[in-house]
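Me: I have a model open and want to talk through some of its packing. Can we start with a term I'll need, then go to the helices?

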Amino acid sequence: MMLNPDAIPLSANGTEASPDPNAALRFEDLTIDDDLSLLERVVRYVRSGIALQRLVHVKMIAETAKAVGTESTINAILPLLPPLVSDSESIIRQHLAMQLLPLCLTCMFGDDPAFDPKDKSTVESRVYNDGGYAIATLKIVSYMNTLICDSDMDVRKAASDGLATLALYIRSDDILSVILRIPLQLVRDEKNRKVPKQTNNNSASENISDDLCITACHLLADVASISSSQVTPIMVSQHISPTLIALSRHENFRVRRTVVQALPRVISGSTLDDLTSKLMSCFNQLSTDESYRVRKSVGECLVDLSRSLMLLANNNEYVSVNHNEQKNTDVTMTSAGSKGNSNEELKAAMRRLRRDNLIPICSRLLQDNHKVVKYGMLQFLGPFIASFYPLDSGDDNHSDEGIVSILDNKDDRAVGGMGSQFFPHAYGMVTRLNPEFVSSPTTMLGIIQTQSKERNYHNPDSKEYLQSLLPQFLEKRYNDSKSLVSILRHRERTKIDQDDIAIIKSKILPSYVELASINSGEDNSDAEMRVYCAYSLPAVVLLMGNEEWDRVLKNCFLKLIVGSSENLRNKDGTDVSFVPLPVKRCLASSFHTICHIVGSAAFKATTEEKTNKRDILSIFEHHLLRDQDDTVRLNIIRNLPSFLSLLSSSKRSKYLPPLFDIICGDTMLASKRKNALNPMLLNWRQRDMIAQILPNLICLYRPDQVRQYLWPIIKLLLSDSVNLIRENVEWSIPILLRSYEYNRCVFGREDATAVKLFCQESCNEVFVFLKATLLENRPNSTNKTIACGAFSKRQSYCRILSAMALILRLNEDRGMKRAKAEDGKEKLTFPVHPFYDLTREEYRHIHHLLRTLFLPPALDMKDDKVTNVRLTLAKSLRVMPSDISDRGDVHVILRTLEDEIETWEGGGGQNMQVEAPKIKTGSNMIDVNKGITATTKAATNMKNDGKEILRSLDGLGDVKIPKVGSNEDDSMSLASI
């Protein structure tokens, strides 16, 4: 062995030699040479004798391969893999298995700039590197094969997921020889290894053999669920289905249980003949298996199987393939009809197949002698009933995906959206039927490609950037509302199969309703069953409709939320009402959803129900909003605007005073409960949730109601001791000022002078409070100052300016909308997004307040001694509308602060006193360093502020709306639905 000038050992072919594992560690071995390139680091340290160094650099293999390209990957990286495949550390083998898929893609497409793993439209037009393709499908796949047979379960899982996903990217003709041969060989080898038991030493080898069968079963199911353009139904019928059917007779119950879990995925790619004559029969047979664990798994998988049947029927690709390839099946289909007719016939056949097979299995499992099987089926009974709700569009419009698009949300930046919460098992089924989610290469480092069409989230003038400045709680509430609207609209236009409804009502719905009052003598089991019932109740109500709500589901709901008095009595004969706390917490989260689904019928109540306080409004107030549990109150407060939006304006107004008393009472804002371990207030999350819902609550009420009931709550929260609460409530100020616009205040008033005076006084009250509390450090109404430094108050004032500027920036292309006249027939279905859809008058109103009142005091902070205050001021000035930020004084201050920030970031130190230039306006010289606006003395400004505001509001007509384009707003207005 020779040494190069750097004293690095070289092998015979000139490459760096592997270190001697028996040699003593040197100091050089414990350090990482940062001067090495990425490829040189990986080549050197994946062969290190230190396991941690190997692990770190194994994780860098995919990234390095993408950086160096196909040729260097083949020549330099692939030779490193053989010793890693047999590494002594299982965690290293596991991460190596995760790197092999992106390594394959780099070899096959690494030099193709047009390759995008997310784009499925280019499957037929992909350009392969022939040499890299051969290496990937032969050598790298052989490494995957070795890892799939590993003794460690996590290693097998990682390698199996990578191999299944690879089937999406190789040529369809090679699926059988490259992918399927591996799991099929595992099953064949398992059969050959089976020998009669002679010694106890065979148990370990038998366990490994069974584990390999389980791995092969999952791998076959993942491959079968791939698009039929890659894995054809004939291929599934000839190779995958027979293998799984054979494994369903395996002597080990764990293998049979895995077959049960795999069958729903196999159905998505099977032929109609296999489905009706083989796979469904296999599932039926397993439902009567001698092992209670297998039968329990059958009950758990009924939901997936039910969903997979209907998703299969909604797959247009599947319909065309099977219609062409299958002519004689057990499912009758007329070949003379159009493709749309064939699709509808297949849906009807799948529904009939589901009723004839799955309902009897469910009924049988509910009567099972084994307690674990019976309770397991009861646990999934609600989701199984909900699985009969159609996810597709329900008509012949194949471009409409129904609510499947809600479940399959591909926007990584989107927050909220309740589709996956509403149909959690359907969401899981949708993702499992797309194996790209098994081991998505788009999430692996080194494969993501920067697309030119990527949305710009960093351009300060872009819509995406401005939207990213909004708090997540506003966006989540808005997206939740849109999802709920989509689901309810889908329910209105979708026809539910009445045969499905009839058999559910007669066979399994009674068992579900009984869960609300189950009394088996085991309190823990009964409480658990009631939680399962409450969890699925919204989806069950959505399927069964208002008729079943009135008949049985309303009583089920009342028993869950109020409690059942059956067989529970005190010694004096009075009824005992017991509701498990998890049940209340669950129903508090879904209460508004149930009310939206049922609609106005939810608020109908008999005289007896109102007397006994068993009507919806009484339950809302006494059993949820006034509950002693913090989590119950937190869950109901979270969706309070959505629930109140269902009430008419008069009912909302009537309900506001008691709601105000509850929120400001001892259980919420006024609570000062502490303990020795937690000196902070224990219920700060409730106050924070109230701060988050205030913007939506303001949109629901008239300005006079907002001023009387909601503005005091805002003042309390602005003085809270928790910083997060103060930051969240600041977003309510622009919405509060929006509600004080003249046209909004006209409601119920005929005297224009009185309306104008109300607007002026309301805005005056807000400004004076903010200035006195945040800028002059005055005590609040309780004569206590906020437990924070004065500089944080000045930061809070700047953040309020940012929120006011942001609502203007987001509506610059909407500012031409005129205010709509009130017709007295208000019908508000859901809260609108508080920061969108400003009318022209509202835009001018907020713009004038910002420019003439709120901004001048903030400009004095340019000389603030605290760096963070000046940074916060700079952030707020950056988002100002152009007609404000381009003004001479604001523009110069912002430029000065930007220069200071740049100097500070460049190492100039904390002293950011920079001389600002003097600018000429007319005949006057303005010295920016002396302040743009004269500050008002704290001793005399309270009275003068009011007069100043009254005078400034008279100039409201001088505001000019910026020029806008002709594009309409593409955002969804929930109020118009």
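Reply: A crossing is left-handed if the near helix is turned anticlockwise from the far one by less than a right angle, and right-handed if clockwise. Keep in mind that this is a predicted model.

Me: Which hand does the crossing of helix 25 and helix 28 have?

Reply: Helix 25 and helix 28 cross in the left-handed sense.

Me: At what angle do they pack, and how far apart are the axes?

Reply: Helix 25, residues 523-562, packs against helix 28 at about 20 degrees, and the axes are 11 Å apart. Angles under 35 degrees count as roughly parallel, so helix 25 is roughly parallel to helix 28.

Me: Which residues meet there?

Reply: From helix 25, Phe557, Leu558, Ile561 and Val562. They meet Ile616, Ile619, His623 and Leu624 of helix 28. By class, this contact has seven nonpolar residues, one polar and no charged ones.

Me: And helix 26 with helix 28, parallel or antiparallel?

Reply: The axes of helix 26 (residues 581-598) and helix 28 (residues 616-625) come within 12 Å and cross at roughly 150 degrees. Angles over 145 degrees count as roughly antiparallel, so helix 26 is roughly antiparallel to helix 28. The crossing of helix 26 and helix 28 is left-handed.

Me: What makes that contact?

Reply: Helix 26 supplies Lys584, Ala588, Phe591 and Cys595. Helix 28 supplies Ile616, Ile619, Phe620, His623 and Leu624. The residues of this contact divide into seven nonpolar, one polar and one charged.

Me: How many residues of helix 28 are buried?

Reply: Seven of its 10 residues are buried, so helix 28 is mostly covered. The buried residues are Ile616, Ser618, Ile619, Phe620, Glu621, Leu624 and Leu625.

Me: What do they pack against?

Reply: The buried residues of helix 28 pack against helix 25, helix 26, helix 29 (630-638), helix 30 (640-644) and helix 31 (649-663).

Me: Changing topic to the serines. Where is Ser287?

Reply: Ser287 sits in the loop between helix 12 (272-286) and helix 13 (292-313).

Me: Buried or exposed?

Reply: The relative accessible area of Ser287 is 2%. Buried means under 20%, so Ser287 is buried. Not counting residues up to four places away in sequence, Ser287 touches Arg295, Val298, Ile361, Arg364 and Leu365.

Me: What about Ser739, where does it lie?

Reply: Ser739 lies in helix 35, residues 732-739. At 1% relative accessibility, Ser739 counts as buried. Leaving aside neighbours within four places in sequence, Ser739 is in contact with Ile698, Pro703, Val706, Arg744 and Cys745.

Me: And Asp173, buried or exposed?

Reply: Asp173 has 70% relative accessibility. Exposed means over 50%, so Asp173 counts as exposed. Asp173 lies in the loop between helix 7 (153-166) and helix 8 (175-193).

Me: How far is Asp173 from Val231?

Reply: C-alpha to C-alpha, Asp173 and Val231 are 9.0 Å apart in space, and they are 58 residues apart in sequence.

Me: Now the whole chain. How many helices and strands?

Reply: The protein has 43 helices and two strands. Of its 977 residues, 53% count as buried.

Definitions and conventions. Residues are numbered from 1 along each chain as its sequence is written. This is a predicted model: local features need pLDDT of at least 70, side-chain atom pairs count only at pLDDT 80 or more; totals for chains, interfaces and linings use all residues. Side-chain values use heavy atoms; hydrogens and water are left out. Axes are lines fitted to C-alpha atoms, for helices over the stretch in contact, and angles run from 0 to 180 degrees between N-to-C directions. Helices (H or I, at least four residues) and strands (E, at least two) are DSSP runs, numbered from the N terminus. Angles under 35 degrees count as roughly parallel, over 145 as roughly antiparallel, 65 to 115 as roughly perpendicular and the rest as oblique. Contact means heavy atoms within 4.5 Å. Ala, Val, Leu, Ile, Met, Phe, Trp, Tyr, Cys and Pro count as nonpolar, Asp, Glu, Lys and Arg as charged, and the others, Gly among them, as polar. Buried means under 20% relative accessible area, exposed over 50%, partly exposed in between (1.4 Å probe, protein chains only).
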